[in-house]
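Let's walk through this one together, question by question. Keep the viewer open and follow along.

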Amino acid sequence: MSEPAAAPADKPADTPAEKPAETAAAPAGDWPIRVLALIPLAGVLFLWSDYHLGIGTSQPVAMAGLAAALPFAIGILPWFLDEGDDKALRSRLRALVARRITWRLIVVAYLVCASVMLTWTSVVVLAEDGGRLGRVTLRALDGASATSRAQVPVDKDKPARFVLPATPFGRPYRLEVEGFVPTTIEVYPLVGARVRPGVDLRRSPSVLLRFSQIALGSWKDAGGAELRVVAVGSDGTQTLLASTRTPASALFLGRAQALPADWQATWRTELQARAVSDALAARQILAWRETAVLPLSTGLEPGQALRVTLTNDQEHVFARSDLVVGKDEVQDQLVGDIE
Amino acid sequence: MSKPWRTILGAVAIGAMMPAWAVDRPAVTIAFDLNVPRWQGQFGARRDELQAKVAAAVAAWMSQQMGFADFGAGTGGPQRLVLHLDVASDAGSHEFKETQLRLELAGAAAATPLIWRFRSDERYAEPTGGVDAFAQEVALRLVDVDKQALVRQVLSRVPIASEAALWKDPVGWVIPFRKTDLCMDFKSMLRIENMLPSGAGPVLKEFMARASGDFAPREAAHAPSALRGRLFTEPVPAQEGLADLGRARPDTVAVRAVYVTEYLPLQPCNKPVPPDRVDFRGAPR
């Protein structure tokens, strides 16, 4: 950049008093170079916008229209003007560009763009092919007052995109994608984060709650009962994950999964140990195969302690089970009655 | 002593001992004890309500079936019949337990308990249906009880009277009820406790007696009018001590208590027999 060399040519642009002389003469100096200097900036801005804001290649029609509109306009202009007017218009345009696009403006534009690119970034959670993302929640971990942001993409294949403030040194965020184990990601400017849940995240484990026939009988009894599933924190605090009053023999916490083939044999052994007759055991096993899903307010995490209780209208807890979520994709848990 | 003199003396003794004979049937209060932990928790604070409802239903049923006592729901009174709902003692570690009803007379000496099934183990897990439905279910299970066993094993420990008149010709006792008072037909069996004189002083002697007639002696003038029409019972032959009873003077024998051991209901008992209780093959059920 040789600002001083360009100064004589540009001088009139910075001094309004000399404007009339400038319109007459064709602008001279390095104005084409200055215009060319903006092209990399525009390119980088386009890429950044495309990558972080999703504005760019994802709107191909709009971008192509924009790219075609300017040459088209310049190309058809001579048709409507005679040669003299055309030359005068071109001259005025050149003068305008030469006067406005100064090296100072270019430097400022580069600096502004650089600062935006270094302080804003994005996290994009991509939907699996043909799939639809569930609820995606993101929360900064380094700010006490940071609030979580959530998105629930409604369209198939549509990603969840979060544009976030960043620092050049990165910023940690907690990412929760429905159906997957929450994780912490470090988000840096420029590169941001692209998350493909099926590849980058672990699927949330599911727990199959099996209710003994006795517990189920009490659940179905007059007055009904409420099933409550709470997460028990290390300090004993309890967070309600789900509740229902609709009786079921077996409920999946988390997503439904196929029952492992060897479970039935285990169940039969378990029933034998509890001295249940063959007929009752068979009936019980068939009932347990009819599973339903109990939606949870948040996904399960390995190591999470859960307490499952059934409480009747007399506030009597007649069935209870405590468990710790394991690392297996699906876990089996009996909820028996308390006597 | 000649027979007429014995009759006269006996009548005098009876007249001296029981001038009025206005005796009420024994009051028996009935309670229900829900003793299955699973259902105790199920009913929670409504357990008392359930127990009261079942007790009332049982009292109504007993009043209909057994006329020799006055049954009512409650917790007080000297004679207290308790219906327990328990887990069968042999249920052990079985998850599905049989439940059973057990009837006992509170405070009475241990006897063979009267036990019958409430729900089989397969039905253990079924819902109760709430207080009203469960009370009804318990009441319905009363039809399964062996009524003769109920009298023999439980109610035979409830004294229906603490007095009776010894009659010498024939030897027997006049109890202070008409058969319609107790709805009790002839051939019902009673157990009568007597204090009989002996060389060592009065000793307790028990005799089994069968209700055999309404007291109406030929020498009507010698029998107190209060005794007329009351149930006359005769001892079952060949009992130990029966000869001593025959020799004893009536005024030296004190009847301590009268119990019913076999009950034959009198039909009709001062009221029409409801159609559902009529056995059209012959007698009322």
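Before we start: two residues are in contact here if their C-beta atoms, placed from the backbone, lie within 7 Å. Also keep in mind that this is a predicted model.

Q: At roughly what angle do the axes of helix α3 and helix α4 of chain B cross?
A: Find helix α3 at residues 47-65 and helix α4 at residues 131-141 of chain B. Their axes come within 9 Å. The crossing of α3(B) and α4(B) is right-handed, and its angle is roughly 35°.

Q: How many nonpolar residues does the contact of α3(B) with α4(B) have?
A: From α3(B) come E49(B), L50(B), K53(B), V54(B), A57(B), V58(B) and W61(B). From α4(B) come V131(B), F134(B), A135(B), V138(B) and A139(B). Sorted by class, the contact of α3(B) with α4(B) has no polar residues and 2 charged ones, and the nonpolar count is 10.

Q: What is the radius of gyration of chain A?
A: For a compact globule of 339 residues you'd expect something near 20 Å. The C-alpha atoms of chain A, though, fill a box of roughly 105 × 45 × 35 Å along the principal axes. The radius of gyration of chain A comes out at 33 Å.

Q: Which helix gives the most to the side of chain A that touches chain B?
A: Between the chains, 19 residues of chain A are in contact with 20 residues of chain B. The chain A side is made up of 6 nonpolar, 7 polar and 6 charged residues. With 4 residues, the top helix on that side is α8 (residues 213-219) of chain A.

Q: Why does R194(A) count as partly exposed?
A: Look in strand β7 (residues 193-195) of chain A for R194(A). Beyond its neighbours within four places in sequence, R194(A) is in contact with V124(A) and L126(A). V123(A) is 71 residues away in sequence, yet its C-alpha lies 6.0 Å from that of R194(A). A residue is partly exposed when its count falls between the 12 or fewer of an exposed residue and the 20 or more of a buried one, and for R194(A) the number of other C-beta atoms within 10 Å is 13.

Q: What is omega of the cis peptide bond that joins D169(B) and P170(B)?
A: Most peptide bonds are trans. P170(B) is in the loop between β7 (165-168) and β8 (171-175) of chain B. The bond that joins D169(B) and P170(B) is cis, with omega about -5°.

Q: Is E315(A) buried or exposed?
A: You'll find E315(A) in the loop between β13 (305-312) and β14 (317-324) of chain A. Phi of E315(A) is positive, near 60°, in a residue other than glycine. Since 8 other C-beta atoms lie within 10 Å and the limit is 12 or fewer, E315(A) is exposed.

Q: What is phi of A238(B)?
A: A238(B) lies in the loop between β11 (231-235) and α7 (242-247) of chain B. With 6 C-beta neighbours inside 10 Å, A238(B) counts as exposed. Most residues other than glycine have a negative phi. A238(B) is not a glycine, but its phi is positive, about 60°.

Methods. Residues numbered from 1 in each chain as written. Chains lettered and ligands numbered in written order. Predicted model: local features only at pLDDT ≥ 70, side-chain atom pairs only at ≥ 80, totals over all residues. Rg over C-alpha atoms; globule rule 2.2 N^0.38 Å. Helix = DSSP H or I, 4+ residues; strand = E, 2+ residues; numbered from the N terminus. Nonpolar A, V, L, I, M, F, W, Y, C, P; charged D, E, K, R; others polar. Axes fitted to C-alpha atoms, helices over the stretch in contact; angles between N-to-C directions. Left-handed = near helix turned anticlockwise from the far one by under 90°.
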